Amino acid sequence: MQVKRVWAVYWSATGTTKRVVTAVARGIAEKRGLPLDTYDFTLPSERQGAPAFTKEDVVVFGTPTYAGRVPNVLLKYLATVKGNGAAAVPVVTFGNRNFDDSLIELRDILAENGFVPFAAAAFVGEHSFSTVLAAGRPDADDLAQAAAFAVRVERRLEDVQESTPPVEVEGTPKPYRGYYQPRDRAGNPVDIRKVKPKTGEGCDGGGLCARVCPMGSINPENVSEIIGICIKCGACVKKCPKGAKYFDDPGFVYHKTELEEGYKRRADNRFFEGE
């Protein structure tokens, strides 16, 4: 296909998905001698529309994995993003456990919306709950792998057509598996869906947490007040310069500790490149 624009498009509350998607898209753009366009739909204000993609675009499209799937809070918005024949590279990040069905779900969403998903990847990123689990990832080695993947993807573009079938990826085809359910050691479910962050005494009321919340759920006039749903994305905790945001719910702390202790190994990135 003839490519005239390369896009990095992503939802990235703590920056890990942004880094990976941008690295892949930049690699493709550099190989083609094209500028790199970006569209960040992390904040609510940016989920009111989307770029007008065409069949002369290649779009590296990324979301994190939440409970083994594409974040359900994004599904309504993603249904509105139309590909119009653009080539696409779905990319998910996951916090060192597994990406389960998130990549196959994102691939299907893009295919159903008129994109041509011809290659795909799943990258490890530091877990949203933790600074220990996959700490610092994507790191230099991950980004080197992203750059090498971009070179291979760019070569494949010559053979991509609107009729190219969606790339085969790991995961369970529709109907997908249910969302990952954390459990305690007795096998009982640990439900953290309604857990909200607390605000410590170190808070200076600067309001950065409210500005970076992807759900617009922190009251900018009183940042200790959560006025909407919390998806445990980690943005307010990890980006607070005072370290004043935290979670202390016992179920949340238990689940976080179990993940940190159970998934210490360095998980591998996965690449799916078709034939």
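I began with burial: of the 275 residues in the chain, 51% are buried. I note that this is a predicted model.

Next I looked up the secondary structure and found seven helices and nine strands. I then checked the radius of gyration, which is 19 Å; the globule rule gives 19 Å for 275 residues, so the chain is as compact as a globular protein of that length. Along the principal axes, the C-alpha atoms fill a box of roughly 55 × 40 × 35 Å.

I turned to contacts with a separation of 6 or more: 79% of them join residues 24 or more positions apart.

I then took up strand 4, residues 87-94, and found eight of its eight residues buried. I went through its two faces. On one side Ala87, Val89, Val91 and Thr93 are buried, and on the other Ala88, Pro90, Val92 and Phe94 are buried as well.

I listed the pairings of strand 4. Strand 3 (residues 57-64) runs parallel to it and is joined by seven bridges; here phenylalanine 61 stands opposite proline 90. Strand 5 (residues 116-117) is also parallel to strand 4, with two bridges, and valine 116 is the bridge partner of alanine 87. Four bridges join strand 4 to strand 6 (residues 120-124), again in parallel, and I found valine 92 opposite alanine 122.

Notes:
Residues are numbered from 1 along each chain as its sequence is written. This is a predicted model: local features need pLDDT of at least 70, side-chain atom pairs count only at pLDDT 80 or more; totals for chains, interfaces and linings use all residues. Side-chain values use heavy atoms; hydrogens and water are left out. The radius of gyration is taken over C-alpha atoms; the globule rule is 2.2 Å times the number of residues to the power 0.38. Buried means under 20% relative accessible area, exposed over 50%, partly exposed in between (1.4 Å probe, protein chains only). Contact means heavy atoms within 4.5 Å. Two strands pair if DSSP finds at least two bridges between them.
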